[in-house]
Amino acid sequence: MPVLQSLLPFLLIIGTATAAPNETGIAFFETKIRPLLAGHCLECHSTAGKTRGGLNLDSRQGWVTGGDSGPAVIPGDPDASLLIKAVRYHDLTLQMPEDGKLPEAEITALETWVRLGAPDPRTTTVSAKKQTGLSLDEGRKFWSYAPLRPPAARPVQNQAWPWTELDHLLLGAAEKAGFLPAPDAPPETLARRLHLNLTGLPPSPTEIDRFVAAAREDRKTAIATLVDELLASRHFGEHWARLWLDMARFAESSGGGRTLLFKDAWRYRDYVIESLNADRPLDQFIREQIAGDLLPAADPAARRRQTVATAFLALGPTNYEEQDKQQLRFDIIDEQLDTIGRALLGQTLGCARCHDHKFDPIPQRDYYALAGILASTRTLFNYTDNVARWIDTPLPLDGPAEAALQAHQTKVEELKHRLQTAKAALTKRTRPVSVGSLAGIVIDDPEAKVVGNWQHSTFSRGYIGSGYLHDGNEGKGTKTITFTPSFPQMGRYEARLAYNHAETRARRVRVTVLHADGEETVFVDQTVPPPIDGRFVSLGTYRFEKDGAGFILIGNAETDGVVTVDALQLLPEDGAAPAPESNAADALVRALEAELKQLVKTGPVRPVAMSVQDAQDPSGTPIRIRGIEKNRGETIPRGFLQVIDHGPARISEAGSGRRELADWIAGRENPLTSRVLVNRVWARLFGSGIVPTVDNFGTTGDKPSDPELLDHLALRFLEDGWSLKRLVRGIVLSRAWQTSAQGSTPPEFFVRAQRRRLDAEQLRDAILLTGGRLQLDYLGPNIQGAGGIDANNTSAQNVEYAYVYADTRRSVYTPAFRNNRLEMFAAFDFADINASIGRRHSSTVAPQALFLLNHPFVLEHARAAAESTRALAPPEQLDSAFRRTLGRPPLPPERAACQRFLGPSPSTEDWAQLHQMLFASLDFRYVD
Amino acid sequence: MMTHPSRRDSLRTLACGFGSLALHGLAAQAHAKSGPPAPRTSHHPARAKRIIFLFMSGGVSHVDSFDHKPRLTRENGQMRQFGDLRSLAKTGTSPEMRVMKPLWDFRQHGESGLWASDLFPEMAKHADDLCVIRSMHTEGIAHGPATLFLHTGSTNFIRPSMGSWIHYGLGSENENLPGFISLSPALGNGGPRNYGNAFLPAVHQGTPIGRAGIPARESTIRNLKPLRPSDQARRQFELLRELNQAQIQTKPGETELEAVAESYELAWRMQTAAPDVLDLSGESPATLSLYGIGQAPTDNFGRQCLLARRLCEAGVRFIQVNYADNSNNPAWDQHSNLPKHGDHAKAVDKPVAGLLEDLKQRGLLDDTIVWWGGEFGRTPYAEKNGTGRDHNPAGFTIWLAGGGFQPGLAYGATDDYGHHAVVDKVHMHDLHATLLHALGLDHERLTFRHAGRDFRLTDVYGKVVPDLFA
């Protein structure tokens with residue numbers, strides 16, 4: 001044992017080492033430990049290197065202070081020292097060095113060194129520079145966190161130009177910089193701009209004509225009238241909902257790993273559309289989405305609305321199949337905080353997850369103060385399912401409908417009770433049957449794969465085929481039987497297990513079904529008679545692939561009696577039901593089952609909503625050191641961002657704190673929320689924000705081009721009771737918004753309109769509208785085939801994978817699948833709906849051009865438009881085609897080109913080609 | 001004073017867009033405004049120019065293919081405490097598991113003496129071309145998280161795919177083709193996020209050709225083919241040119257409008273250039289046969305591999321070839337029926353070997369990295385004591401070939417059972433860092449500023465493994 005021998009001298013000095021390491025201890029360090037640290041550790045853990053995990057091992061002070069997880073070495077106590085724990089490689093979450101375990105001799109040397117009191121002469125230490133953001137006091141002075149301030153009046157030279165206070169501010173700034181506003185936009189341009197900005201749809205030629213005529217009489221009145229008309233239109237909510245749905249990363253499936261269908265997410269979309277159309281104050285709107293379930297509700301309609309609103313927290317791209325459910329909980333909390341931070345506060349909260357924010361005044365504590373509120377909230381149904389699921393909350397109905405539903409539910413319960421009684425009366429089978437006499441695919445026990453010692457028996461006579469197997473009530477946990485059926489074709493099959501029942505049998509036999517859509521575990525009680533024909537119990541209906549990997553596995557682990565396995569039957573779901581083995585008791589069971597099925601099918605169904613709930617044990621949550629879930633530090637009391645501090649956070653002990661969080665976010669005292677909201681609305685109307693980084697109001701975002709203008713808008717917004725419609729109205733009735741796009745005044749003065757591209761939805765809606773095929777149905781679900789499906793059943797994802805987008809409703813209703821986007825949305829910068837979107841990309845790429853040139857959707861609706869054109873008198877045709885598509889007659893060179901293209905007697909196909917090129921042309925894709 | 005981003009940026013974006021990546025790195029430069037200046041050229045001299053990633057979705061069993069563990073045969077059937085990761089993640093405890101021997105015999109191959117099983121006899125013939133990493137480990141026990149981690153470096157957050165990062169760093173070499181292509185990707189297990197650009201500019205998104213479940217012979221770039229006869233399509237295109245010209249004249253100086261008009265010209269050129277690349281009909285019978293095209297089990301994957309070589313020749317930067325399907329138990333996911341690995345092997349073995357041979361013959365292997373592997377490996381024990389293996393992210397094998405990686409090398413090791421990587425461990429972050437390094441990119445400097453901070457493919461992790469290079 002050469003290693004031990006060489007250590008022997010050092011082992012004798014343990015007693016004194018801690019107090020003052022003597023020469024021998026230092027010698028041990030110098031000969032054994034220093035080279036070891038240099039060879040394996042310092043590359044990542046030194047002040048000259050990387051300081052990974054905050055830990056430096058290049059000085060005594062380095063390991064005394066330790067890294068993010070605390071001191072690395074406790075002198076004298078190897079078992080308590082993180083460094084020793086890491087090199088021992090026993091803990092899966094803490095293993096160092098990363099690239100492989102040290103030789104045993106080196107591990108022993110380190111243990112010895114620690115036991116010796118960790119003598120370490122290296123005292124020279126350079127304190128690591130830690131980058132930190134603004135302090136809280138500095139932060140409170142930063143423009144976005146400071147209270148709102150009304151602007152000083154601005155002198156203007158051109159007194160005649162401004163119509164509103166807003167115009168005064170804008171003109172003042174432009175004049176000061178030596179710029180002039182652009183001329184007023186012509187009425188034709190303004191008509192298209194107003195319609196597209198307020199409703200998302202282009203105006204018809206009639207609507208343009210009417211407006212242009214009225215504007216010739218009295219421009220200001222005509223505009224005000226049109227604006228009020230458009231704000232009152234249902235299409236206003238449908239268009240402006242986009243702003244909110246983008247922020248809320250609205251989607252109708254979870255996407256990511258195992259995408260699951262959010263069957264009821266449409267209720268949230270409808271809630272947003274209805275709320276904006278009803279001009280629900282945005283502070284109330286926010287409160288409902290954070291804490292609607294906790295707010296008082298005056299009637300069932302309010303309760304429904306407020307429950308549906310909380311889907312805001314549940315709609316994230318959750319990886320429900322994550323196997324570590326505590327990790328999953330934490331991932332969900334991170335995602336919720338990221339969305340709340342970006343969407344409502346313009347903050348990059350995620351930066352404070354692993355450490356204090358490096359730029360903004362957000363300590364890591366604040367992140368976990370907020371996380372505690374969401375940790376005290378339930379977003380998952382439970383923490384045990386293999387594939388987790390969200391919470392569906394049943395919704396109350398209005399008076400009579402609620403009474404009818406409850407009466408129906410009572411009837412169903414009664415019938416279920418009768419059925420149970422009838423099943424208990426089923427007689428025990430006494431005769432064997434052959435495999436061939438049974439329907440579907442039947443696998444008898446000898447054809448199964450058997451692991452462990454199973455005994456064959458024919459003792460109880462009611463078996464199938466050659467007998468049955470039992471485990472002799474021995475060797476629990478070591479025996480399994482696997483059926484691996486081969487399926488003639490892909491499809492859904494009901495799996496039924498035949499077993500032999502008796503009082504001595506096991507009560508909870510675990511059966512695992514691996515099918516095309518995942519894995520299900522079913523428990524079978526073998527002490528009761530098999531409910532189907534006294535032979536089978538149903539394991540459920542699943543999809544299996546042809547030649548797929550599907551199997552049914554029966555194990556005897558954790559069973560308290562004899563486990564028996566007789567045979568497996570698989571019945572195609574769409575096949576005829578097998579004839580029952582008839583006797584009176586069977587017949588009664590069949591009849592009651594049929595009656596129950598019919599009753600359930602025809603009766604009313606209670607609607608459910610994706611939602612969150614308060615957890616039972618609200619409390620603060622520990623800091624996760626370096627953001628690693630299992631690396632827990634100090635527990636932080638629940639609270640908010642300290643930089644926006646209006647008094648100590650008072651969060652009730654009883655609730656999650658979401659109500660208080662909602663009040664903090666949507667309170668007048670929080671300057672972030674109103675600034676962020678008005679800036680978003682401004683950006684949507686003007687094409688860019690006063691703060692261009694609409695999601696980032698921190699120190700790394702852009703500064704407002706005009707801070708006083710922003711505060712003016714925010715203060716007005718608060719005075720107007722958080723009304724979106726008043727805010728929009730105030731902006732579009734300014735003269736500045738109504739300017740032309742011509743000229744060269746820089747856009748950040750907002751006194752010259754910006755030409756903007758139609759987004760994916762506007763483009764699709766406009767093509768459908770011009771083709772005459774746009775269906776204007778208001779609200780309601782729109783996923784074909786989702787109606788009868790259990791959304792928490794993983795097979796629901798096939799609705800998404802196989803989805804054919806065929807409807808012609810407005811784009812806001814287009815199924816919002818995360819893994820299977822509508823191709824047009826994917827091509828036109830609306831591909832990714834996994835995270836909150838503040839501002840969409842606007843890319844110019846060839847796939848967009850290819851889509852407009854070659855996609856059947858464009859061709860089809862161009863043809864439809866051509867048919868309408870052809871129905872007109874020939875002299876009107878070309879003008880009408882242009883006016884219906886571009887909102888104006890052709891320019892002279894356009895007219896000439898079109899006439900050349902059409903020739904003397906154009907066919908419908910010629911017109912279709914022309915209409916298609918109008919869809920592809922620049923003026924269709926832009927609004928001036 | 002701030003400047004308006006849309007006009008200038010969109011013109012630049014266009015200049016390096018889907019159809020016109022004329023210069024290396026311009027793609028990155030176009031968006032320099034929203035992040036720190038990204039490299040126009042590489043950070044250091046590159047060993048390779050492009051990657052072909054042969055993705056074996058579902059997780060190939062390493063202990064049945066490239067990681068030889070005689071102990072599994074010796075102890076076959078014995079119950080052992082392994083510390084099953086899935087059980088630990090879910091319940092914190094783990095039951096004993098039954099050791100399961102490999103179903104294919106192992107033998108040594110080539111001058112390097114590489115151990116490989118009879119599962120992949122054709123690949124084994126290339127033993128001296130392969131740089132095998134037997135000490136891989138990664139994150140995520142389920143397919144979704146692990147597949148996303150493989151592609152984006154994160155199991156849960158929304159992050160750009162590595163192909164997008166590479167395209168962002170280096171741009172493309174062909175003005176008529178996308179620079180990042182994924183052949184027959186699946187809708188499941190991450191779906192489009194596996195080739196998505198996330199917060200990187202849209203020009204870096206991967207272009208899917210085909211989709212898992214659709215035969216490779218029917219796969220093409222979307223909307224590439226005009227639906228009308230070519231003379232009509234041309235007339236129509238002439239009309240569009242005239243309309244756009246007339247409209248631009250009323251708005252002088254709008255560079256963005258010019259850029260959009262130019263995008264139609266690019267699309268028009270692509271319609272003629274791209275189909276040639278996708279068309280395999282000009283390939284010789286010898287080449288087709290090399291890939292197993294025209295033979296039942298290998299035809300489909302053979303076509304994908306041959307297309308990958310053609311895209312590689314055409315200058316596409318990152319080509320992913322997916323052996324995948326849309327189910328939750330994709331392809332190699334043999335939980336219950338391990339012999340089925342044999343069927344999958346028959347479908348991919350010859351095409352993969354053919355691709356290596358073909359690249360070598362054409363001198364393309366020198367500057368092309370071929371990467372073969374799945375999102376994780378499989379357990380050395382039987383799942384639930386049945387007849388298959390569960391997922392194993394703690395230790396598994398992948399191989400690299402070409403692109404300056406050391407041929408005939410077997411790097412790192414797992415424990416005696418093949419359960420955990422223990423010697424010279426290579427984390428998926430390390431593999432990402434190493435691949436970027438080979439392409440001349442420093443994974444710590446390839447960053448993009450988003451939501452207030454700089455993001456990387458490797459987050460704050462990852463170490464280049466220099467020993468892998470020749």
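Student: Which residues touch the most other members of the largest nonpolar core?
Tutor: This is a predicted model, where local features need pLDDT of at least 70 and side-chain atom pairs count only at pLDDT 80 or more, while totals for chains, interfaces and linings use all residues. Residues are numbered from 1 along each chain as its sequence is written, with chains lettered from A and ligands numbered from 1 in the order written. A core here joins buried Ala, Val, Leu, Ile, Met, Phe, Trp, Tyr and Cys through C-beta atoms within 7 Å. Among the 163 core residues, those touching the most other members are B:Leu54, B:Cys131, B:Val132, B:Ala308 and B:Val370.

Student: Which helix of chain B gives this core its largest share?
Tutor: Helices are DSSP runs (H or I, at least four residues), numbered from the N terminus. The largest share is ten residues, and they come from residues 255-278 of chain B, helix 9.

Student: How many residues are in the second, separate core?
Tutor: Its members include A:Leu169, A:Tyr271, A:Ala343 and A:Phe640. The size of this second core is 131 residues.

Student: What percentage of chain B is buried?
Tutor: Chain B has 470 residues. The share that counts as buried is 62%.

How values were computed: Buried ≥ 20, exposed ≤ 12 C-beta atoms within 10 Å, placed from the backbone. Helix = DSSP H or I, 4+ residues; strand = E, 2+ residues; numbered from the N terminus.
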